[in-house]
Amino acid sequence: MGLRSLVDTGTISVTDFAVLENVVQQISNVITALEKTPTNWGLIHADLNENNYIFYAGEARPIDFSCCGFGYYLCDIAHTLLHLFPENRMIVPQWLSKRASTA
């Protein structure tokens, strides 16, 4: 269900939806303008633990962005690894490497 459907059901007003849409566009503009390098800062989740991602169609999808902000991109990966069992920690770098080679 998209946010626009919440307007149709009366859950949020047209005005509130317009504000949300504007904020999402501004965030998207900032993210798009950021240089993508491993050494620079950017918008990060900042709380990627097992409670803040779900799996959809075989991919991990982050949720709950209440702590997001600017920081090193690798902080998200480190935070995720910190919460995994040691035997599962090696899977993440392999998965990231595989995704990078197909991108």
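Let's start with a pair of strands: S2 (residues 53-56) and S3 (residues 59-62) run antiparallel and are joined by 4 bridges. Keep in mind that this is a predicted model. Across the pair, Tyr-56 stands opposite Glu-59 in S3. The two strands make a hairpin with 2 residues between them, and Ala-57, in the turn, has a positive phi of about 50 degrees. That's worth a second look, because most residues other than glycine have a negative phi.

Is His-45 buried or exposed? With a relative accessible area of 4%, His-45 counts as buried, because the cut-off for that label is under 20%. So what does its side chain meet in there? A polar atom of the His-45 side chain lies 2.8 Å from the backbone oxygen of Ile-63. The backbone oxygen of Asp-64 is also in reach, 2.9 Å from a polar atom of the His-45 side chain. Leaving out residues up to four places away in sequence, His-45 touches a set of residues that includes Asn-52, Phe-65, Cys-67, Cys-68 and Asp-76.

The side chain of Asp-76 reaches the backbone nitrogen of His-45 at 2.9 Å. Beyond His-45, and again setting aside residues up to four places away in sequence, Asp-76 touches Ile-44, Ala-46, Asp-47 and Leu-48.

Two residues around here have a backbone angle to check. Ala-46, in the loop between S1 and S2, has a phi near 75 degrees, a positive value in a residue other than glycine. At 34% relative accessibility, Ala-46 counts as partly exposed. Asp-64 has a positive phi of about 60 degrees, although it is not a glycine, and its relative accessible area of 41% makes it partly exposed.

Finally, turn to the surface. Which residues form a nonpolar patch there? They are Val-19, Val-23, Ile-27 and Ile-31, with about 300 Å² of accessible area together. Val-23 belongs to helix H2 (residues 14-33), and with a relative accessible area of 40% Val-23 is partly exposed.

Definitions and conventions: Residues numbered from 1 in each chain as written. Predicted model: local features only at pLDDT ≥ 70, side-chain atom pairs only at ≥ 80, totals over all residues. Heavy atoms only, no water. Patch = residues over 30% accessible without salt bridge, like charges linked within 9 Å, V, L, I, M, F, W, Y side chains within 5 Å. Areas by Shrake-Rupley, 256 points an atom, 1.4 Å probe, with all protein chains shown as cover. Salt bridge = Lys/Arg side-chain N within 4 Å of Asp/Glu carboxyl O. Buried < 20%, exposed > 50% of the residue type's maximum accessible area, 1.4 Å probe, protein only. Pairing = 2+ DSSP bridges. Polar contact = N/O pair within 3.5 Å; in protein donor to acceptor, adjacent residues only side chain to side chain. Contact = heavy atoms within 4.5 Å.
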